[in-house]
Amino acid sequence: MDAPFSPFFGEFLGRMPEEMQAALASAGTLMRYRDGATIQQRGDRKPGISVIAEGAVRMSATDAEGERSTYLVHGPGDAFGEMTLFLDIPRTLDAVAVGDTAIHEVSRAGFTQLLDTQPAIRDHLLVSLARQLSLALERLDDQRRLPANARLAKALVDLAEPDGDHHIVRASQSALAEAIATSRVTTGKVLTELAEAGLVETAYRAVRIADLSALQDWVAARSLLTPLNPRD
């Protein structure tokens, strides 16, 4: 297997046994993308599932007025395109590589054949879809209930990656503004607020978090509902 899956598995791979991971990778075609390369565009007819082996993928869409919104950033072990396995629909979001990225592209026919030898993979798929729906509903509720500072802090928690003895979010202020559907000016003000509170440090196209648990506590204190979706 040219690009083994990262040990830091995403939601789709989860607790999938190694032999199932190997079978999934073998069923697909490995595609490599440079940073910023387009992986798919909204409307593409591409029935199948895309599983990230390395790197990350930013999922976004542009409205009729040209405003782009980032919905989420997938990492190694995450998957997208699952709905096209069951429905005759195109891909619904744009997908762009964040850093050098490798993806196993498994066609609908390939996935159907895989089920013959690995029927338990269906359960992993259903769990992944159910969790995505739950998180999507949570984000929708956040947009209605939470102010920009709480939404941004929550997004930073979700996007944080381990980096030595702290965590880091590798994204520009513009990308973070897209992620929470607000302006870059508002995002800058919120980052300044969080920095003054000692919760983050801003850098070029990145935000460093010295104490992730402190930022999580800050978010929890400002959330109107108790979070029900564990992140671990």
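Which residue's side chain does Arg 32 meet in a salt bridge? In this predicted model, the side chain of Arg 32 pairs with that of Glu 54, with a nitrogen-to-oxygen distance of 3.3 Å. Arg 32 belongs to strand β1 (residues 29-33) and Glu 54 to strand β3 (residues 48-62), so that the pair links distant parts of the chain, 22 residues apart.

## Overall form of the chain

The secondary structure of the protein chain comes to 7 helices and 10 strands. Its radius of gyration is 18 Å, close to the 17 Å that the globule rule gives for 232 residues, and the chain is therefore as compact as a globular protein of that length. Along the principal axes, the C-alpha trace spans about 55 × 40 × 35 Å.

Of the 232 residues in the chain, 44% are buried. Among the contacts with a separation of 6 or more, 72% are made by residues 24 or more positions apart. The protein chain exposes about 12,700 Å², of which carbon and sulfur atoms supply 52%.

## Salt bridges

The structure holds 4 salt bridges, and one of them is the pair of Arg 32 and Glu 54. Glu 54 is partly exposed, because its relative accessible area of 30% falls between the limits of 20% and 50%. Side chains of opposite charge can pair when their charged atoms come close.

Another salt bridge joins Asp 88 and Arg 45, whose closest N and O atoms are 3.3 Å apart. Asp 88 lies in the loop between β5 (79-80) and β6 (94-107), whereas Arg 45 lies in the loop between β2 (38-40) and β3, so this pair ties together parts that are 43 residues apart in sequence. Both Asp 88 and Arg 45 are exposed. A further salt bridge is formed by the side chains of Lys 46 and Glu 105, at 3.0 Å from N to O. Since Lys 46 is in the loop between β2 and β3 and Glu 105 is in strand β6, the pair ties together parts that are 59 residues apart in sequence. Lys 46 counts as partly exposed at 22% relative accessibility, while Glu 105 counts as buried at 13%.

## The surroundings of Ser 50

Ser 50 has its place in strand β3, and at 0% relative accessibility it counts as buried. Leaving aside neighbours within four places in sequence, Ser 50 is in contact with Asp 78, Ala 79, Phe 80, Arg 91, Ile 103, His 104 and Glu 105. Two of these contacts involve polar side-chain atoms: a polar contact of 3.2 Å joins the side chains of Ser 50 and Arg 91, and one of 2.5 Å joins those of Ser 50 and Glu 105.

## A nonpolar surface patch

Met 83, Phe 86, Leu 87 and Ile 89 form a nonpolar patch on the surface, and together they have about 360 Å² of accessible area. Phe 86 lies in the loop between β5 and β6, the loop that also holds Asp 88. At 47% relative accessibility, Phe 86 counts as partly exposed.

In helix α1 (residues 18-27), Met 20, Gln 21, Ala 23, Leu 24 and Ala 25 are buried. The buried residues of α1 pack against β3, β6, α2 (108-117) and α3 (121-145). An α-helix has 3.6 residues a turn, so residues three or four places apart point the same way.

Thr 187 is found in helix α6 (residues 184-196) and counts as buried at 0% relative accessibility. Apart from neighbours within four places in sequence, Thr 187 is in contact with Leu 152, Gln 173, Leu 176, Ala 177, Ile 180 and Thr 182. Arg 222, in helix α7 (residues 212-222), is partly exposed, with a relative accessible area of 36%. Not counting residues up to four places away in sequence, Arg 222 touches Leu 146 and Ala 150, and its side chain reaches the backbone oxygen of Trp 218 at 3.1 Å. Arg 222 and Pro 147 are 75 residues apart in sequence, and their C-alpha atoms are 8.9 Å apart in space.

Notes:
Residues are numbered from 1 along each chain as its sequence is written. This is a predicted model: local features need pLDDT of at least 70, side-chain atom pairs count only at pLDDT 80 or more; totals for chains, interfaces and linings use all residues. Side-chain values use heavy atoms; hydrogens and water are left out. Helices (H or I, at least four residues) and strands (E, at least two) are DSSP runs, numbered from the N terminus. Buried means under 20% relative accessible area, exposed over 50%, partly exposed in between (1.4 Å probe, protein chains only). Patches are made of residues with over 30% relative accessible area and no salt bridge: like charges are joined within 9 Å, nonpolar side chains (Val, Leu, Ile, Met, Phe, Trp, Tyr) within 5 Å. Accessible areas come from the Shrake-Rupley method with a 1.4 Å probe; for residues, only the protein chains shown count as cover. The radius of gyration is taken over C-alpha atoms; the globule rule is 2.2 Å times the number of residues to the power 0.38. Contact means heavy atoms within 4.5 Å. A polar contact is a pair of N or O atoms within 3.5 Å; within protein, one must be able to donate a hydrogen and the other to accept it, and residues adjacent in sequence count only if both atoms are side-chain atoms.
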